[in-house]
Amino acid sequence: MGGVEDDGPPSKRVKVSSGALGGLSKGTSHREQASCSLSDLMAQPLASQGKDEVVGSKGVVKKVELVRIIAEALYSLGYKNTGAHLEEESGITLQSSVVNLFMQQILDGKWDDSVATLHKIGLMDEAIIKLASFVILEQKFFELLDGEKVMDALKTLRTEIAPLCINNDRVRELSSYIVFPSQNVLDISSDKEARLKSRKKLLEELQKLLPSTVIIPERRLVHLVEQALDLQRDACRFHNSSVGEMSLFTDHQCGKDKIPSQTLQILKEHSDEVWFLQFSHNGKYLASSSSDCLVIIWEVKLDGRVSLKHRLPGHQKPVSYISWSPDDAQLLTCGVEEAMRRWDVTSGECLYIYEKSGLGFISCGWAPDGKRIFSGVTDKSISMWDLDGREVECWKGQRTTRISDLGITRDGKQLITVCKETTILLFGWESQSEKLIEEGQNIVSFALSEDSKFLLVSLLNQEIHLWNIEGAIKLVAKFKGHKHSRFVLKSCFGGLDQAFIASGSEDSQVYIWHRISGELVFTLSGHSGAVNCVSWNPTNPHMLASASDDHTIRIWGINRVSLDHDDRHSNGIHYCNGGT
Amino acid sequence: MDVDPRQWENIDVNDKDIHNIVLSYLVHNCFKDTMESFVSCAGIEQPADHLEDMEKRKRIFHSALDGDALKAIELTEEFTPDLLENNKDLHFDLLSLHFAKLICLRKCTEALGFAQLKLTPFGTMQKYVEKIEDFMSLLAYEEPEKSPMFHLLSLEYRQRVADNLNREILAHANLPRYSAAERLIQQATVVRQSLNQEFGKDGNQLFSLKDFLER
């Protein structure tokens, strides 16, 4: 075919011949000419093989590599014939023959031969050859020990392993195995199968040690595909449902319909601004508190409807913070600079009132074992209490300000409070260690992620900051778009795998962002007053609750296809007034 | 009477004290002949009971120092039967000396056998496990003197073990573990440091043993 260059990339070749292909589809007499030239083209690849030939529109996928991992995938799947056929037809072998020999020698236990072959492979520097030799000889050593050939094992150690002069600590360990055989981790019996398994493991280890061009990692193609799927999932801004598997045929992209965006219920039990709410860990209850000094426990029924369970009167001041016990059987409430109360969820009874003479409580939280309680106090200290009301410990100093949030990490080791207007303290109460997060603006509230690795901080400059608090503290993301400059608003994590961030706003809307991309996904309107707090049901990614200055709580969910009789009349919104 | 530390040169020293210091040193190190000659020259009383014991102790000490640990153990058992039993650390150290000797002689098979028989029983206690591992690692090298644990084959190590053995035997006989001379030098070192700190530049008349001996 004129004009075709032999060493151009395949895609170019195909394009040029599209004229011929066009001839094919038209069924003209060009056909013969076209098919002849096509098969000519097809026959050519073998001859013009370049090591750097690429496939794909981006020019980053090397053809040789692609064919090799496809061949490996075929072998992994058990299609040996097809794999061999591919190697033959493409002229590209999966492993060079030296490497094949090497791998077979390992499986056969021909240690000395394999070490010799190792040197013949090439593409490696001395250090790697030594490391690989060490690992192979270790296996030889252990197999000899297992076969009770102690003197031979010792000889291997002395004359082959030690002279490599690497990893003296390991040499020391090996020599102790001679006298303390029970420590032998490998534990290969003379059972043939166990031995083969152990040798295969050795091969895996070698494959990790040697450059990947020498031995291709097993199931590499599948691994790459899984990577791509992960990326697609992360990029999916609305991914909030585990239903629906990912297909390899199209890029994954959820629609917006799985994110709670419809008001399903409006709860009107409070008589004043609703300040705080939170779902229990098991998602079966919702607790809310209001400036009317009342705390209410709501129950989430099986059909998703929320109804009143208990009213908890008793506080003399508005309750600014609520904490569910780890088993959700008890509730801790904290009045603003007042007392701290512990309630039984099932009966609604107040079990204990914690007071500290002359001082008030600011914040409260449960230890992960459910046996101790932490609280912030007006004198800026933090106290730890047991369930019988005894103050077990007290940490003084500037530990907390008047902000009511208190976080406790999952391992129970760190307490998180706002210790200065723009600083958050991560206090390891046993080790007395302190880590600080410095913000440039006034901090209003914060929320801890379920895995205790991230902290979401709401600031008065209309930004929400996401910090990584595991290991070195780092600012990870910022979320903007909502209105927050005067009130105490709280934000939260939520959705499937906590992939979303939700926050209230002074413009009466609920804002939802996709965590990884930082993109604002939804703004939900409906409330007629500032939205102070949001809580996402931890066990139901399709349920979100919001608390507002308009005295109501709204339950948000996804569009339900089937609505029952009542809904049709009231536009699908349930009003709940403490009873049906 | 409080003496100004800077006036130490004017303190009276009793001859008898010095005799005792020298004697204690000689007895501690089993210099029997020297001790006898010193006693007769200085015209002092000979410490009666210790002569024969000194001879035995001397043999034990030198066996250990030469690395002939098995002989040292045998003699010790003869001399003070339950000493090694009550002193596991020392017993282990002596056995390990024998192991070290076998290694030096390149008798690896024998060394391994000895270790399996004699050393591994100590392995029930964690503190010995690490020591055993240290010694076992010597087996891994064809030139153990160049291995990371080469110090276990050294004269210094044998010296330390022999010294320990000597001290334990002395203690067993209700004699002091450390000779008076040793204690004095230790004390003088500490005092010198402390005075240096207290008087600083003033104290250039402080006694320095090192300088004194180098004169």
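**Ground rules.** I'm working with a predicted model, where local features need pLDDT of at least 70 and side-chain atom pairs count only at pLDDT 80 or more, while totals for chains, interfaces and linings use all residues. Residues are numbered from 1 along each chain as its sequence is written, chains are lettered from A and ligands numbered from 1 in the order in which they are written, and side-chain values use heavy atoms, with hydrogens and water left out.

**Chain B, overall.** I found ten helices and zero strands in chain B. Helices (H or I, at least four residues) and strands (E, at least two) are DSSP runs, numbered from the N terminus. Chain B has 215 residues, and 37% of them count as buried. Buried means under 20% relative accessible area, exposed over 50%, and partly exposed in between (1.4 Å probe, protein chains only).

**A helix pair in chain B.** Next I checked helix 4 (residues 69–79) and helix 5 (residues 88–104) of chain B: their axes come within 8 Å and cross at roughly 145°. Axes are lines fitted to C-alpha atoms, for helices over the stretch in contact, and angles run from 0 to 180 degrees between N-to-C directions. Ala69(B), Leu70(B) and Ile73(B) of helix 4 meet a group from helix 5 that includes His91(B) and Leu94(B). Contact means heavy atoms within 4.5 Å.

**Cores.** Which residues have the most contacts inside the largest nonpolar core? I noted Phe102(A), Leu118(A), Phe141(A), Phe99(B) and Leu139(B), in a core of 80 residues. Helix 8 (residues 126–146) of chain A gives the largest share, ten residues. A nonpolar core is a set of buried Ala, Val, Leu, Ile, Met, Phe, Trp, Tyr and Cys residues joined through side-chain atoms within 4.5 Å. Leaving aside neighbours within four places in sequence, Phe102(A) touches several residues, among them Leu118(A), Ile121(A) and Leu206(A).

**A sheet in chain A.** Last, I traced four strands of chain A forming an open antiparallel sheet in the order 16-17-18-19. Strand 16 (407–408) and strand 19 (433–438) each have a single partner strand, so one side of each has no neighbour in the sheet. Two strands pair if DSSP finds at least two bridges between them. Strands 16 and 17 (residues 414–420) of chain A pair over two bridges.
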